[in-house]
Amino acid sequence: MSAGTIKKAQKLVDEGNVVQVDDDLFQVRSSSDPQKSYMVTHDSCDCLGFKNFYKFHHGKGIKANCSHLEAVRLYLKTKS
Ligand SMILES: [Zn+2]
């Protein structure tokens, strides 16, 4: 995962864009468009980048990731 993804994720957490809605469901606001938000669980996100990941990297054994998913991980780490 790129350092840029982590930086973006940290920013999302710092700015309070991660909101827990259920045990394993989070709403993460987009950093580029505040009107937009994504529903994220601990291993999936409904943003385009996440969906496209499997299209482009299919079968390579890499787990998809995006800044929203990473933001949720950071959020949970800071919380615990
Ligand atoms: Zn995402």
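Student: Where is Val21 found?

Tutor: Val21 sits in strand E1. Keep in mind that this is a predicted model.

Student: Is Val21 buried or exposed, and how do you know?

Tutor: Count its neighbours. Val21 has 10 C-beta neighbours inside 10 Å. A residue with 12 or fewer is exposed. Therefore Val21 counts as exposed.

Student: Which residues does Val21 touch?

Tutor: Leaving out residues up to four places away in sequence, Val21 touches Phe26 and Gln27. As for Val40, it lies 19 residues from Val21 in sequence, and the C-alpha atoms are 9.9 Å apart in space.

Student: Now Gly49. Which element holds it?

Tutor: Gly49 belongs to helix H2, residues 48-57.

Student: Why is Gly49 called partly exposed?

Tutor: Gly49 has 15 C-beta neighbours inside 10 Å. Buried needs 20 or more, and exposed means 12 or fewer. The count falls in between, so Gly49 is partly exposed. In sequence, Gly49 and Asn65 are 16 residues apart; from C-alpha to C-alpha they are 8.3 Å apart.

Student: What makes you say that H2 is hardly covered?

Tutor: The count of buried residues. Among the 10 residues of H2 that count is zero. After H2 comes Gly59, with a positive phi near 80°.

Student: And Lys79: why is it called exposed?

Tutor: Lys79 is found in helix H3. Within 10 Å it has 9 other C-beta atoms. The cut-off for exposed is 12 or fewer, so Lys79 is exposed. From Lys79 to Gln10 is 69 residues in sequence and 13 Å in space, C-alpha to C-alpha.

Student: Which residues of H3 are buried?

Tutor: Ser67, His68, Leu69, Glu70, Ala71, Val72 and Tyr75. The cover over them includes H1, E1, E2, E3 and H2.

Student: How do you know what span to expect of H3?

Tutor: Work from 1.5 Å a residue. H3 has 13 residues, and 18 Å is expected. From first C-alpha to last, H3 reaches 18 Å. The span is close to the expected value.

Student: What does that test say of H1?

Tutor: H1 covers residues 3-14, which makes 12 residues. It reaches 16 Å from its first C-alpha to its last, close to the 16 Å expected.

Student: Which residues of H1 are buried?

Tutor: Ala9, Leu12 and Val13.

Student: What covers the buried residues of H1?

Tutor: The cover includes strand E1 (18-22), strand E2 (25-29) and helix H3 (67-79). Just after H1, Gly16 has a positive phi of about 70°.

Student: How many residues are in the largest nonpolar core?

Tutor: There are 15. Val18, Val28, Val40, Ala71 and Val72 have the most contacts inside it. H1, E2, strand E3 (37-40) and H3 supply at least two residues each. H3 gives the most, with four.

Student: What does Val18 touch?

Tutor: Beyond residues up to four places away in sequence, Val18 touches Leu12, Val13, Phe26, Val28, Ala71, Val72 and Tyr75.

Student: Step back. In what order do the elements run?

Tutor: The chain has three helices and three strands. From the N terminus they run α-β-β-β-α-α.

Student: What radius of gyration would a compact globule of 80 residues have?

Tutor: Near 12 Å. The chain has 12 Å, so the value agrees with the rule. Along its principal axes the C-alpha trace spans about 35 × 25 × 25 Å.

Student: How much of the chain is buried?

Tutor: Buried residues make up 24% of the 80. As for contacts between residues at least 6 apart in sequence, 41% join residues at least 24 apart.

Student: What does the UniProt record annotate?

Tutor: The unreviewed entry gives "domain: SWIM-type" for residues 26-77. Over that range the chain is 40% helix and 15% strand. The end C-alpha atoms of the range are 14 Å apart.

Terms used. Residues are numbered from 1 along each chain as its sequence is written. This is a predicted model: local features need pLDDT of at least 70, side-chain atom pairs count only at pLDDT 80 or more; totals for chains, interfaces and linings use all residues. The expected span of a helix is 1.5 Å times one less than its number of residues. Two residues are in contact if their C-beta atoms, placed from the backbone, lie within 7 Å. UniProt positions are given in the numbering used here, feature names are shortened, and annotations may be inferred rather than shown by experiment. A nonpolar core is a set of buried Ala, Val, Leu, Ile, Met, Phe, Trp, Tyr and Cys residues joined through C-beta atoms within 7 Å. The radius of gyration is taken over C-alpha atoms; the globule rule is 2.2 Å times the number of residues to the power 0.38.
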